[in-house]
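Hello,

Here is the structure I promised to pass on. Have a look at it first, and my notes follow below.

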Amino acid sequence: MSVPRVDVVTIFPDYLAPLDLSLIGKARTSGLVDLRVHDLREHAHDRHRTVDDSPFGGGAGMVMRPDVWERAIEATASHRRSGAEGDGDGVDEGGTDGRALVVLVPTPSGRPLTQAFAQELADELGAGDRVRAVVACGRYEGIDARLVPALRERSDVDRVVEFSLGDFVLNGGEVAALALLEAVVRLLPGVLGNPESVVEESFSHEAVLEYPVFTRPARWEDREVPPVLLSGDHGAVARWRRAQSLTRTVQRRPELLARLDGLDAVDLATLAAAGVVPGRHGRLIGPVTVRRAVAGEGALVADLAATTFALACPDETTMADIRAHVAAHLSPRAFEAHLASADDAVLLACDVGDVPLGYAVVRTGAPSADAPAHDGTGAELSKCYVLPRAQGSGVARALVAAAVRHARAAGADHLWLGVNARNAAAIAFYTRAGFAVVGERTYRVGEVDHHDHVMVKDLAPGVAD
Ligand code: JB8
């Protein structure tokens, strides 16, 4: 059984000096990992130890030569089995150690490094005998593109993985190699004193962000630790932390929500309160989040409005009337005016790529002439539309829920709307959402008066959403 082994090849071996420190340093000195750093220039053949040349086709910067890299990887591959006796000079004499190489190449165009990948690599390296890793740290404009395919054809190479730390550019691969090693070495057998924290993390592997953590003092510069954490109620603490994890994930990394499953009813309620559409069958749709549109997004909302309005009109509505209505009421300027008004909120339901799927406008200012006679303070759900491809998935429900929250926060005790009297699907939807028909109005589209129902939903405290 061999010690897990990683070789790093770089033109700046000193850049990897931190591998002597802390947890990784300890793992090395206690023999839990065999980590070696090599200078690429040892494999240059000229007097100046050249490793790079100018790019064919022109352009800025220099490109690393594939032949120098091939020799460096070859030399690493044929290092003898770690721990075997040599001639005592500390230099490897050659002869393969029987393990195939996983060649890891940091590059901005690689696949993003993940915990799952670090775990997979740690599992393979930790098993000891099948593979070892070589990290090939490029510099300049990168390595000649023929190197990776050539390595993939070698029988001593198990696979080549080009990886990236994220969508930003480093000057070279050394920091990415350090990051990868830090992620992998702590997962190797025997390295972490407290494997419980690894297990706890690997739960969050299912992709929710960590909850926030606090320590003494309980009150610091007027800032209190959340009281539930001081309550001694372990169940309440666990529920609070789960809710924090989910809410943070919605707010900071909504794209992770698509990978969540096994959510219970409490999780779904937490997500719904954070603006995520729960979907109809216990799985998240999209996921979709509802947010306020901001100044400058008038044109984006106007595009959505023009498309959805046309589709919501009765069949015999003419294109001319639709165009006139869109030009007058659903233009980018009209929406910029909504966005600039303190009385109006434009709510956008977006998928994880922030692509809009639907929108709503809530008006909380002085009531319009169409507002129903009703006690108390009303807010108007003046628009609520969803693109056909997102209909039936709960997006409209999420928009109404967000509209209700906004109206309540603005002090309204009822929410009203007008809906085309012949749009049975919309009327049924609003009825399910707790609206009831209280009156009628006419709504002009171009040159034609349409017949609308006026519907109201009571927002009094204690009335269900
Ligand atoms: C030259 O940003 B990076 C990265 C940048 C690089 C090289 C490798 C990795 C080599 N520039 O992940």
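Arg49 has a relative accessibility of 32%, which makes it partly exposed. This is a predicted model, so please read everything here as computed from predicted coordinates. Arg49 forms a salt bridge with Asp39, and their closest N and O atoms are 3.8 Å apart. Asp39 belongs to strand β2, while Arg49 sits in the loop between β2 and β3 (52–53), so the pair ties together parts that are 10 residues apart in sequence. Asp39, at 18% relative accessibility, counts as buried, because the cut-off for buried is under 20%.

Another salt bridge links Glu74 and Arg154, with 3.0 Å between the closest N and O atoms. Glu74 is in helix α2 (residues 66–77) and Arg154 in the loop between α4 (147–152) and β7, so this pair ties together parts that are 80 residues apart in sequence. Glu74 is partly exposed at 37% relative accessibility, whereas Arg154 is buried, with a relative accessible area of 15%.

What about Asp97 and Arg99: are they buried or exposed? Both are buried: Asp97 has a relative accessible area of 3% and Arg99 has 2% relative accessibility. They form a salt bridge too, with the closest N and O atoms 3.1 Å apart. Through shared partners, salt bridges join Arg5, Asp7, Asp97, Arg99 and Arg132 into one network. The count of salt bridges comes to 30.

Now to the sheet. Five strands form an open sheet in the order β2-β1-β6-β5-β7, with parallel pairing. The edges are β2 (34–39) and β7 (157–164); each has a single partner strand, so one side of each is left without a neighbour in the sheet. From one strand to the next, the twist averages 25°. Strand β1 (residues 5–10) runs parallel to strand β6 (residues 131–136), and 4 bridges join them. Val8 has Val135 in β6 as its bridge partner.

Finally, have a look at helix α11 (residues 332–340), where Ala334, Phe335, His338 and Leu339 are buried. Viewed down the axis of α11, the buried residues fall within an arc of 140°, so they line one face of the helix. In an α-helix there are 3.6 residues a turn, so residues three or four places apart point the same way. Arg333 and Ala340, on the other side of α11, are exposed. Among the elements covering the buried residues of α11 are α9 (298–312), α10 (319–329), β11 (344–350), β12 (356–363) and β13 (378–386).

Best wishes

Conventions
Residues numbered from 1 in each chain as written. Predicted model: local features only at pLDDT ≥ 70, side-chain atom pairs only at ≥ 80, totals over all residues. Heavy atoms only, no water. Pairing = 2+ DSSP bridges. Helix = DSSP H or I, 4+ residues; strand = E, 2+ residues; numbered from the N terminus. Axes fitted to C-alpha atoms, helices over the stretch in contact; angles between N-to-C directions. Buried < 20%, exposed > 50% of the residue type's maximum accessible area, 1.4 Å probe, protein only. Arc of directions from axis to C-beta. Contact = heavy atoms within 4.5 Å. Salt bridge = Lys/Arg side-chain N within 4 Å of Asp/Glu carboxyl O.
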